[in-house]
Amino acid sequence: MDLKKTNDAVMRRIHAMNDRVNMLKENDLYFYNQPVTELRGGARVLVNGREMGMYASYGYLGLLGHPRIGSAAKAAIDRYGTGTHGVRTLAGTLKIHNELEETIAEFKHAEAAVTYSSGYATNLTVVSTLMGRGDYVLSDKLNHASIVDGCLMSGAEFRRFRHKDMEDLEKRLQQVPSDRAKLVIADAVFSMDGDIIDLPKMVELCKKYDAWLMIDEAHSVGVLGKTGRGIEEHFGMNDVIDIKMGTLSKTIPSVGGYVAAKKELITYLRHASRAYIFSAALPPAQAAAANEAFKVILDEPWRIEKLNQNTHQYINGLKSMGFDTMLTETAIVPVLCGSDERAFALTREAQHHDVFVLPVVSPAVPEGLARLRATITAAHETDEIAYAMEVIGKAGKEIGII
Ligand SMILES: Cc1ncc(COP(=O)(O)O)c(C=O)c1O
């Protein structure tokens, strides 16, 4: 089919994007969808035929390829096959789905949990099921796109408060009529910046203004807290979040999303959320892998200690070279570059020296705040991190970032 419509707005948008992609490709600055063809153990991968150190993985605890998790997935395929018969409400609920949800509830110190086929679908369906016309959703300005989309889809009044600004959140809570339902929602760890939300203050404000609190733990499970249980453990708080959302695609090396909460709320979501009722459940192998991964986290606490050591080594090393690592306190480590071009150039140099790291540019972050974003994992070794820092430091000097 020939893609030639009239010269309408859609066609102009398609052309503009294609022009940008072609320009980046011509200048060896195109880092989108690079094929990782092999996992080489530890934190090494094969990208475009070259072995590189992996600094773009959300597998914070290095669990991808873990033998126990792989065996659990294989056993599930042998037992159930590769699919689920369809949506869960009809014939698609397998024993492994129920086991996984029990494991998650226990891990998150919650009464119950429900899973969905992705983290994105989880945010979309949970926010839009709970909130509707006439209700209010108050969302941190830097929240993940799936939260924003869930808020928009809900039809509720959508208010964004300044990033991590609790005074602004309180001001906006005061503006909501007292008889309206309110949901306050934030990432626990922000995916572009690596900083942590002020949970104690948020809990206090939600209590004061009678609002529901939902926290997205995509980047905090396995990262925060002594045993990796996430943001509540990090702040020494127990079961203070009404809706604990998380993904099964990052520290947990599988795919899917979940919400852990009080039993009544989970029962409601199981019967009312459209991504549960109208979409197939997780494939058995993925459910079994996720189930085993939560157990491995608790059985191998050394991984969290190693992740913390590695993160400190990397952040402190970059800072001492003069890089601006913004407000990160976690394994997501941005290096501020300024323009998109500088972020692309730093990425190119790093990759040419076999450090697989990626840029984050506008519109994912505001213009002028483009960055190189590395993620540190428990699978990195001290000398590998030292090498990555050496490469980034040398390139940073050449490009004029430090
Ligand atoms: C904060 C946050 N929430 C939700 C998601 C969506 O999760 P998934 O990739 O499992 O769909 C992501 C993924 O990048 C994320 O970073």
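Predicted model: local features only at pLDDT ≥ 70, side-chain atom pairs only at ≥ 80, totals over all residues.
Leu358 stands opposite Arg373 in strand S14, in a pairing where two strands count as paired if DSSP finds at least two bridges between them. Strand S13 (358–360) and strand S14 (residues 370–375) are joined in the antiparallel sense over three bridges. Residues are numbered from 1 along each chain as its sequence is written, and side-chain values use heavy atoms, with hydrogens and water left out.

Strands S13 and S14 belong to an open sheet of three strands, ordered S11-S14-S13, with antiparallel pairing. Strand S11 (332–338) and strand S13 stand at the edges with a single partner strand each, so one side of each is left without a neighbour in the sheet. Direction ignored, neighbouring strands of this sheet are turned by 35 degrees against each other on average.

Let me turn to strand S3. Strand S2 (residues 44–47) and strand S3 (residues 50–54) run antiparallel and are joined by four bridges; Arg44 stands opposite Gly53. The two strands form a hairpin with two residues between them, and Asn48 in the turn has a positive phi of about 50 degrees. Strand S3 is also joined by two bridges to strand S12 (residues 355–356), and here the strands run parallel. Phe356 in S12 is the bridge partner of Met54.

Next, a helix pair. Helix H5 (residues 119–130) and helix H6 (residues 145–154) pack with their axes 8 Å apart, at an angle of about 30 degrees. Because angles under 35 degrees count as roughly parallel, H5 is roughly parallel to H6. The axes are lines fitted to C-alpha atoms, for helices over the stretch in contact, and angles run from 0 to 180 degrees between N-to-C directions. Contact here means heavy atoms within 4.5 Å. Residues of H5 including Tyr120, Leu124 and Val127 meet residues of H6, among them Ile147, Cys151 and Met153. By class, this contact has six nonpolar, five polar and one charged residues.

Finally, the overall picture. The protein has 15 helices and 14 strands, taken as DSSP runs (H or I, at least four residues, for helices; E, at least two, for strands) numbered from the N terminus. The radius of gyration is 22 Å, close to the 21 Å that the globule rule gives for 402 residues, so the protein is as compact as a globular protein of that length. That radius is taken over C-alpha atoms, and the rule is 2.2 Å times the number of residues to the power 0.38.

Conventions: Parallel < 35°, antiparallel > 145°, perpendicular 65-115°, else oblique. Nonpolar A, V, L, I, M, F, W, Y, C, P; charged D, E, K, R; others polar.
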